[in-house]
Amino acid sequence: MIDASIERLLREFTPQVLGTVVRRFRDFAAAEDAVQEALLAAATQWPDDGLPANPRAWLTQVALRRMTDRIRSESARRRREEDLLHRSEAAPEHLAPEPVGMEEDDTLVLLFMCCHSALTPASAIALTLRAVGGLTTAEIAKAFLVPEATMAQRISRAKQSIRDSGIPFQLPTAGERTERLRAVLHVLYLIFNEGYTSSGGAHLQRLELSSEAIRLTRLLRNLLPDDPEISGLLALMLLTDARRLARTTSEGDLIPLDRQDRALWDRRQIAEGVALVSAALRKGAVGIYQLQAAISAVHDEAARAEDTDWPQILALYDLLRRITDNPMVALNHAVAAAMVNGPANGLELLDALNADPRVANHHRFHAVRAHLLEMAGDAPAAARHYRAAAAKTASLPERNYLLIQAARLADSRN
Amino acid sequence: MKYILLMTGTRGGVDTYRAWSKQDIDSHMAALQSLNKELKNSGEFVATQGLAGPDEAKLIRGEKNGAPVTDGVFPESKEFLLGYWIVDVANPERAYAIAGRISTAPGPGGVPTNMPIEVRRFAEHAPRES
Amino acid sequence: MKFILMMSAPKENWDSFAKWSKEDFERNAAFMRAFSQELRDSGTFVASEGLAWPNEARVVRARSDGEPITDGVFPESKEFLGGYWIIDVEGPEQAYRIAALVSAAPGSGGKPGNIPIEVRQVLSAFSDPGL
C-alpha cells in the first residue's frame, strides 16, 4: 500500500517518463511496458528506501534500462535492434538537442496519440488513463467494473492498434490539429461522464474518474493555454462536478436539478468554472464545450431553481443547435423552450424529433416528453411516458426515479 | 455496455446433452473454451458461470413465518438457465455476434447445436447525468 | 459453496411492477438495500446484478454461415430474469433460507411479494468469475 504522495508523484511523472523513453526508442508499446515496470519498481522500493533525490530521473533511468534489457533479450531481432541501440547511444552531436520543456511537449504528444480516432473510444479511454493519467491497470479495471486481465488486454490491444496504424510520436500537423484536438476533448469528456456517478451509499469504491478527467483537462490547458474549447471543457466539468453532492440521496436515488439543495453545491468550483468560460467566450471562437459550460454556468449561478435565467439558457441552446446536431442538445433545447414559451412549444419541438432514429428509442426522449406533458397538465400521458422511459434506461437509479414520477402522477389522481 | 448471454435448456434437452458421446461433449466444451479465450484476448470478457443441472433446481418462496418453502417441481417445458457469459462490448450488435458464436458450438457429430442464446443488457448502478 | 438466486417474472408482472405506488417502490428499494447490506456484512455476498427491462431482450441463433439472427418475440409465459445474487454459503439449506428472505420482499401494497426465487448451485469447474 503506497502512500498518497508517492502515488501522486508517480501519476504526474508517468507521461513525462514515457515521453522520454518513446522518443529514445520509437516503440510506444514496448516503452509503455517498460515504464509500467519502472512504476512498479518505484511503488515497491520507494516506501522502504525513501524518495530518491530526483524521482523523475530515477524512473527514467529504470525504464530505459528495462527497454535495453528487453531489446537485448529478444534474440530474433537482436541485430536490427542493436543497430538502433547504437544510434540511440550515439554521441550527443548525432541527436537533435532536446528543446526546453520537451517533457511538456511529450505529454501533449502522448495525449494526441492515445486519443487518436484510429482507436475505439473504450481503448482511447483506457490507454489515456494509463499512459497520461498514470493510473494502474487495476485502478482502471475497477473504475469500469471489468476484470483486471480484461483491462490489461484492452490496453495491450490499444497499443497494438497504434503500432498498426503507424501513428507517429509527434504533434499533429497544423492541418490535423483541430480534428485531433477535438478527439482528445471528446475522450476527456467521456472519462468525465463515466466518472460522474455518485458514490453516495454505493458499495463501490471507485476511483474518482471525474476528478481524473478534470486533472487531465487542466494538464492539457496548461500545455495549450490559448485554446478556448479546452477552457470551455474544463469549465463544463467544474460546473457539473460542483453539483455532485446534491445530485443523489445517500441511498443513491436521483435528485433532479430543480430540486437539488443548492447549499451543497461547490461554490469554488462554480466560481472557477464561471471565470473560465467567461474568459473563453470573450475570445470569440465559440464552440460546443464553451456553450455547454455557459449553460451550466447560468444554472449554477441561480440562487434558487425559480431564479434560473431560462431565456438566456434558451438563447444559448439556439446557438448550440446551430453548431451541432446532437439530439441530446435538441432535447435540452425543447426543455428550455418550454420553460420560456410554455410546454406546448416544447412538445412541438419534440415532435420534430420523432423521426430521428437516434432519439426515438432513447430514454431521455420519453422522460422529457413526460416532463412536458406533466407541465401541460396531461398526467395520464405523462405517467405513460415516464414508464416508457423507465423501460429504456440502463441505469437502475434512473429507472427508479422515472417509475416514482409515474407513480406520483398516478397517485395524485386518486 | 455490459450484456449477459444466457444459455438455457429444458430438462429434456439437458438429458439429451448428457447422452452425447464423450467426444462430442469435449468438442463442445473446447469450442466454448476457445471462445472464452478469444473474448479475453479482445478485452471483452467479464465472467462466465456454469450452473448445476436442472434436477438440482429449487424454487423458493418465503412462508409467512419466513421459513423457506421449497419446490422442485417445474413444468416440462421450463427453460432452465445452464450457464451465462457476461461481456463488455461496444454495442448490442457485438453482443449478438458473440451469442451467435455460442450458438454455433458443435453438438453431436460436430453439427452446430444452433441453440438459442438470450441476450439481456445489464442495468447499471450508476445514475446517468441528464 | 456458491449458489445463484434468480428472480424472474413474466412480462405482465414486470408491467404491474411498473405501476406500483411511490410507497411500494420505496419500501421495496429499502428492503433490497438492507438485504444486500446484510449479505455483505455476513460475508456471504459474491455478486449481484440487475438486468435491463425485458423489452430489449433478444434471442440469438446462428445461421448456417455463422451470422447471428436476433429475435425479439417471446411467448406470453416467458419468464424474464430480473436480477440475481450469487452467494457463498455453507450449504443448500442456508441458500434456501436466504432465498426465502428475498422472496418475502414487500410488493404492491406492502404485502410480501412471495416471488419464487430459483436457487441453483454454481459449478466452479465451468466458472471464471473474472475477478
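Colleague: I'm looking at S2(B) and S6(C). In which sense do these two strands pair, parallel or antiparallel?

Modeller: Antiparallel, and the pairing of S2(B) with S6(C) runs over three bridges. To spot one spot along it, find Gly50(B), which stands opposite Leu123(C) in S6(C). Keep in mind that this is a predicted model.

Colleague: Which strand of chain B itself is joined to S2(B), and over how many bridges?

Modeller: That's S5(B): five bridges join S2(B) to S5(B), again running antiparallel. Within this pairing, Gln49(B) has Tyr84(B) as its bridge partner.

Colleague: Is S2(B) largely enclosed or left open by the rest of the structure?

Modeller: A residue counts as buried if 20 or more other C-beta atoms lie within 10 Å of its own. Six of the seven residues of S2(B) are buried, so the strand is largely enclosed by the rest of the structure.

Colleague: Let's move to the contact between chains B and C. How many residues of each are in contact?

Modeller: 40 residues of chain B are in contact with 41 residues of chain C. Several elements of chain B supply at least two residues each to that side, including strand S1 (2–9), helix H3 (92–103) and strand S6 (117–121). The largest share, seven residues, comes from S2(B). By type, this side of chain B has 22 nonpolar, 12 polar and six charged residues.

Colleague: And which strand of chain C does S6(B) join?

Modeller: S6(B) is joined to S3(C), residues 58–62, by three bridges, and the two run antiparallel. There, Ile117(B) has Val60(C) as its bridge partner.

Colleague: How should I read chain B as a whole?

Modeller: Start with the parts list: three helices and six strands. Read along the sequence, they follow the pattern β-α-α-β-β-β-β-α-β. The C-alpha trace of chain B spans about 55 × 50 × 20 Å along its principal axes, and 42% of its 130 residues count as buried. Then ask how far along the chain the contacts reach. Among contacts in chain B with a separation of 6 or more, 73% are between residues 24 or more positions apart.

Colleague: What about nonpolar cores? Which residues have the most contacts inside the largest one?

Modeller: The general idea is that in soluble globular proteins, nonpolar side chains tend to be buried together. Here the largest nonpolar core has 180 residues, and those with the most contacts inside it are Val21(A), Ala63(A), Leu5(B), Val87(B), Ile117(B), Leu5(C) and Ala99(C). Domain 1 (1–92) and domain 2 (309–414) of chain A both give residues to this core, so it lies between them. The centres of those two domains of chain A, taken over C-alpha atoms, are 52 Å apart.

Colleague: Is Ile117(C) buried or exposed?

Modeller: Ile117(C) counts as buried because it has 27 C-beta neighbours inside 10 Å. You'll find Ile117(C) in strand S6 (residues 117–128) of chain C. Leaving aside neighbours within four places in sequence, Ile117(C) is in contact with residues including Leu5(C), Ala99(C) and, from the other chain, Ile60(B).

Colleague: How confident is the predictor about chain C?

Modeller: Where pLDDT is low, the predicted coordinates should not be read in detail. For chain C the mean pLDDT is 91, and 98% of its residues reach 70 or more. The model scores ipTM 0.89 and pTM 0.87.

Definitions and conventions: Residues numbered from 1 in each chain as written. Chains lettered and ligands numbered in written order. Predicted model: local features only at pLDDT ≥ 70, side-chain atom pairs only at ≥ 80, totals over all residues. Contact = placed C-beta atoms within 7 Å. Helix = DSSP H or I, 4+ residues; strand = E, 2+ residues; numbered from the N terminus. Nonpolar A, V, L, I, M, F, W, Y, C, P; charged D, E, K, R; others polar. Pairing = 2+ DSSP bridges. pLDDT = per-residue confidence, 0-100. Domains from an automatic or database assignment. Core = buried A, V, L, I, M, F, W, Y, C linked by C-beta atoms within 7 Å. Buried ≥ 20, exposed ≤ 12 C-beta atoms within 10 Å, placed from the backbone.
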